[in-house]
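Please work through the exercises below with the sequence and the model side by side, trying each task before reading its solution.

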Amino acid sequence: MSKQNDRPGLEVRHCAFFFDVDGTLADIQPRPELVFIPPRSLAALERLHLSEIPVAVISGRPLSQLDDLLAPLRLPAAGVHGAERRTAAGETLQPALDRNIFDAIQHELAQACAEHPGLLLENKGVAFALHFRLVPELEETARALAEAFVGRYGDVLALQPGKCVFELKPRGANKGEVIRTFMQEAPFKGRMPVFVGDDLTDEAGFKVVNELGGLTIKVGSGTTEAMQRLDSVEAVGDWLDGLLSALFEQPEHLIKPDRSENCP
């Protein structure tokens, strides 16, 4: 079922913006540590933030990695799909974990991945990611491995498929619910939420923002709950520039993504 781009535009000063990182603000790279956010997008986020427009990043990455990517900017953020969160007031919230169970899972996963060269295990501190971007032929192997561990540790882990990755995240961690939580707090409360993402991991966020009467934008192709699209990370940069233009040059102007199309 198609969704029409019938929203007339954005009153930027009345919005709260949420952004995914990998595939949205930054191009996906062969390895997670190679990812960077283009300087113009970083500058745009900083200008919005300094203009007291609420901006948060909602990512599968840990908060520590998000801070490195955004440095020197330090934004409200949700890491590991909402398992970690830093509020606008600067308070950091993390799940209570049984370290013995977590360490046991790490050890077992490392042993299993060692049998499949090229399959990359990433320890996120409160979650794990099995990356198969370098060995796409191992997708089903990675899937089976992730499903097996979720089956064994289903009381603490949930499976989250993504682009060339299967993540084992804390049960209950959800981008949609963490956006809902942000929207109940200052300075987000009372504003229209806008969420930009690109991946399966962002669909829960799209669903909640749609429920809240906000605007959802998917970067790239694929079936989605999002209302509008942008073609690429570069197009996201263009759109951010448009937000700034509306905010500083023509305050009364209403804008919308200029590379949108109907979403299937």
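This is a predicted model: local features need pLDDT of at least 70, side-chain atom pairs count only at pLDDT 80 or more; totals for chains, interfaces and linings use all residues.

**Exercise 1.** Work out which residues of helix 1 are buried, and where around the axis they lie.

*Solution.* Start with the dimensions of the element: helix 1 spans residues 39-50, which makes 12 residues, and its first and last C-alpha atoms are 16 Å apart, close to the 16 Å expected at 1.5 Å a residue. The buried positions are Ser-41, Leu-42, Ala-44, Leu-45 and Leu-48. These residues are on the same side of helix 1, because they cover an arc of only 160° around the axis. On the face turned away from this buried side, the exposed residues are Pro-39 and Leu-50. Just beyond the end of helix 1, Glu-52 adopts a positive phi of about 65°.

**Exercise 2.** Find which residue forms a salt bridge with Arg-40, and state which parts of the chain the pair ties together.

*Solution.* The side chain of Arg-40 meets that of Asp-241, at an N to O distance of 2.6 Å. Since Arg-40 lies in helix 1 and Asp-241 in helix 7 (residues 233-249), the pair ties together parts that are 201 residues apart in sequence. As for accessibility, Asp-241 is partly exposed at 34%, and Arg-40 is likewise partly exposed at 34%.

**Exercise 3.** Determine how many salt bridges a search of the whole structure finds, and examine the one between Glu-211 and Arg-180.

*Solution.* The search of the whole structure gives 17 salt bridges. In the one between Glu-211 and Arg-180, the side chains meet at 3.2 Å, N to O. Glu-211 is in helix 6 (residues 203-211) and Arg-180 in helix 5 (residues 175-182), so the pair ties together parts that are 31 residues apart in sequence. Arg-180 itself is partly exposed, at 25% relative accessibility. A network is also present, in which salt bridges that share partners join Asp-20, Lys-175 and Asp-202.

Definitions and conventions
Residues are numbered from 1 along each chain as its sequence is written. Side-chain values use heavy atoms; hydrogens and water are left out. Helices (H or I, at least four residues) and strands (E, at least two) are DSSP runs, numbered from the N terminus. The expected span of a helix is 1.5 Å times one less than its number of residues. Buried means under 20% relative accessible area, exposed over 50%, partly exposed in between (1.4 Å probe, protein chains only). The arc is that of the directions from the helix axis to the C-beta atoms. A salt bridge is a side-chain nitrogen of Lys or Arg within 4 Å of a carboxyl oxygen of Asp or Glu.
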